Amino acid sequence: MKDEYDIEKLNPRKNPYSNRLKRQITINIDESTIKYFKEQSETELKWKEECNGSI
């Protein structure tokens, strides 16, 4: 690896998978559903991932 790189010579290109990335949306979920996923998740922060996987 080089110590430094010239960014102008790197040939940047668009991510070919960018059209497959997730899109942010807003939905209303009732409190009992949120409580269910929080109880099922291993950590407090992971419940959103589990809910997303079920949708």
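Guide: Lys46 forms a salt bridge with Glu42, and their closest N and O atoms are 3.8 Å apart, where a salt bridge is defined as a side-chain nitrogen of Lys or Arg within 4 Å of a carboxyl oxygen of Asp or Glu. Side chains of opposite charge can pair when their charged atoms come close. The structure holds one salt bridge. Lys46 counts as partly exposed because its relative accessible area is 31%, whereas Glu42 counts as exposed, at 68% relative accessibility; in these terms buried means under 20% relative accessible area, exposed over 50%, and partly exposed in between, with a 1.4 Å probe and protein chains only.

The model is a predicted one, in which local features need pLDDT of at least 70 and side-chain atom pairs count only at pLDDT 80 or more, while totals for chains, interfaces and linings use all residues. Residues are numbered from 1 along each chain as its sequence is written, and side-chain values use heavy atoms, with hydrogens and water left out.

Gln40 has its place in helix 1, and it counts as partly exposed because its relative accessibility is 45%. Between the C-alpha atoms of Gln40 and Glu50, which are ten residues apart along the chain, the separation is 8.5 Å. The protein has two helices and zero strands, these being DSSP runs numbered from the N terminus, with helices (H or I) of at least four residues and strands (E) of at least two.

Met1, by contrast in topic, is found in the segment before helix 1 (31-40), and it counts as exposed because its relative accessibility is 94%.

For the whole protein, 9% of the 55 residues count as buried. Taken along the principal axes, the box that the C-alpha atoms fill is roughly 55 × 25 × 15 Å.
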